[in-house]
Amino acid sequence: MTEYDAIIVGARCAGSPTAMLLARRGFRVLLVDRATFPSDTVSTHLMHAPAVGALARWGLLDRVVSTGCPPINKYSFDFGPFAISGTPRPIDGVATAFAPRRTVLDKILVDAAAEAGVEVRQEFTVEDVVVEGQEVVGIRGRSANGRRTTERARIVIGADGRNSQVARAVSAEQYNTKPMLQWSFYTYWSDLPIDGMETVVRPDRGWGAFPTNDDLTLVVVGWPYAEASAYKADVEGNYLKTLELAPEFAARMCAAKREARFAGGAVANYFRKPFGPGWALVGDAGYNKDPITAQGITDAFHDAEQCTDALVDVFEGGRPFDEAMSEWQRARDEHSMPMYEFTTNLASLEPPPPEMQQLLAAVHGNQEAMDGFVSVVAATMSPVEFFDPQHIGEIMATGEGAIAGAMHA
Ligand SMILES: Cc1cc2nc3c(=O)[nH]c(=O)nc-3n(C[C@H](O)[C@H](O)[C@H](O)COP(=O)(O)OP(=O)(O)OC[C@H]3O[C@@H](n4cnc5c(N)ncnc54)[C@H](O)[C@@H]3O)c2cc1C
């Protein structure tokens with residue numbers, strides 16, 4: 001029986017880059033997915049600058065650009081009485097976002113893994129992990145033709161999304177959990193002009209829009225989870241009625257044509273312990289949050305690099321597995337926690353508390369502060385840095401006139 005260094009379950013944003021990076025470091029990798037590629041998945045697909053930077057590091061950005069997917073250099077937030085609009089700060093020299101269709105992005109990632117020497121098996125469903133003693137040593141699964149096989153590896157990596165079979169099989173511990181917060185539906189429109197990434201925030205409602213491949217614009221509309229049944233009762237009617245809360249946006253919709261069915265849903269918010277004897281979890285399998293700030297792909301790429309580095313330390317450097325993986329988990333959580341809190345607060349779709357409204361009003365009109373705010377959403381500036389009391393104090397000090405104006409509007 002072939003023995004791999006790593007078997008990776010799931011070949012999208014987390015799995016394919018992890019497989020590719022391990023193979024590029026000389027390891028023998030099997031990557032399996034029950035899907036075939038190209039294929040779509042339920043997800044909008046705004047990819048912030050840190051993810052774009054990762055694609056550039058991996059030599060894959062040109063492939064995304066050559067699909068005609070437009071760059072996104074401006075983020076704007078319409079809060080009703082005032083708007084905040086700016087350009088994210090660069091990180092590693094990159095400030096641009098892209099929103100390639102998942103049919104496009106995931107195929108580029110799987111192909112890059114195969115080119116790196118990964119053995120890719122599509123239409124292969126993992127049914128269970130193989131455990132010997134306390135340790136995961138492989139997977140059992142079924143090919144499209146129904147043939148069942150067992151494969152062994154030094155590590156099994158679950159990159160199998162939020163309903164991860166691997167996480168379930170190893171009973172991965174969950175922490176910092178939060179319930180589902182908002183239900184969103186999205187679809188694609190032609191003839192809908194859009195200026196970068198546009199977000200509109202209204203009480204108990206919110207939506208985002210950005211350009212993607214084939215001259216289409218994706219518009220995703222969210223309602224609080226408590227109203228999900230009412231939303232689902234008439235998806236199209238409720239979606240379009242929500243857009244009327246911003247008349248200028250609704251006017252642009254008049255000439256637009258819907259080019260796809262509605263898709264969407266809600267997700268639970270959690271962290272999972274991402275490793276144990278013989279196993280690891282990357283991407284949504286290990287950490288998931290509401291899509292309102294569109295961090296999932298960016299985080300999946302980050303995980304791919306960080307988990308690979310930890311495993312290389314173990315495989316090549318002889319570092320104890322628990323030590324290397326605990327350090328990765330600690331770094332992942334420290335990096336993610338502020339954005340997790342920011343995201344889950346936004347996803348409640350509740351009006352911001354008065355002090356936050358005052359801050360946002362002060363940010364409005366102050367270009368440096370607006371660039372800072374959009375950088376938080378674009379994941380190029382930590383919420384810790386932006387919401388630091390000294391930074392807030394500086395913004396408030398220069399924004400008193402703006403606050404008064406915005407509050408009167
Ligand atoms: C409505 C919505 C909107 C979103 N919008 C954005 C956004 O704009 N920007 C953003 O960055 N993120 C967004 N996200 C989050 C993003 O989709 C995820 O974070 C991202 O897809 C995670 O990638 P992944 O590789 O971890 O998992 P997935 O993309 O879920 O891939 C998991 C793969 O595992 C395979 N698999 C699962 N189980 C098995 C099995 N037993 N055997 C074999 N294969 C298996 C599946 O077929 C799948 O291909 C959104 C999510 C939702 C739900």
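Let's start with two helices. The axes of α11, residues 354-363, and α14, residues 389-398, come within 8 Å and cross at roughly 60°. The crossing of α11 past α14 is left-handed. Who makes the contact? On α11, the residues are Gln358, Leu359, Ala362 and Val363. On α14, they are Ile392, Ile395 and Met396. By type, that contact splits into 6 nonpolar residues, 1 polar and no charged. Keep in mind that this is a predicted model.

Now to the strands. Take β12, residues 205-211. Is it buried or exposed? Buried means under 20% relative accessible area. For β12, 7 of the 7 residues are buried, so the rest of the structure largely encloses this strand.

Next, which way do the residues point? In a regular strand, side chains alternate between the two faces of the sheet. Here is β12. Arg205, Trp207, Ala209 and Pro211 point one way. Gly206, Gly208 and Phe210 point the other way. Both sets are buried.

What does β12 pair with? One partner is β11, residues 197-202, antiparallel, over 5 bridges. Within that pairing, Glu198 has Ala209 of β12 as its bridge partner. The two strands form a hairpin, with 2 residues between them. In that turn, Asp204 has a positive phi of about 60°.

β12 also pairs with β13, residues 217-224. That pairing is antiparallel too, over 6 bridges. Pro211 stands opposite Thr217 of β13. Again we have a hairpin, with 5 residues between β12 and β13. Asp214, in this turn, has a positive phi of about 60°.

Key
Residues numbered from 1 in each chain as written. Predicted model: local features only at pLDDT ≥ 70, side-chain atom pairs only at ≥ 80, totals over all residues. Heavy atoms only, no water. Buried < 20%, exposed > 50% of the residue type's maximum accessible area, 1.4 Å probe, protein only. Helix = DSSP H or I, 4+ residues; strand = E, 2+ residues; numbered from the N terminus. Pairing = 2+ DSSP bridges. Axes fitted to C-alpha atoms, helices over the stretch in contact; angles between N-to-C directions. Left-handed = near helix turned anticlockwise from the far one by under 90°. Contact = heavy atoms within 4.5 Å. Nonpolar A, V, L, I, M, F, W, Y, C, P; charged D, E, K, R; others polar.
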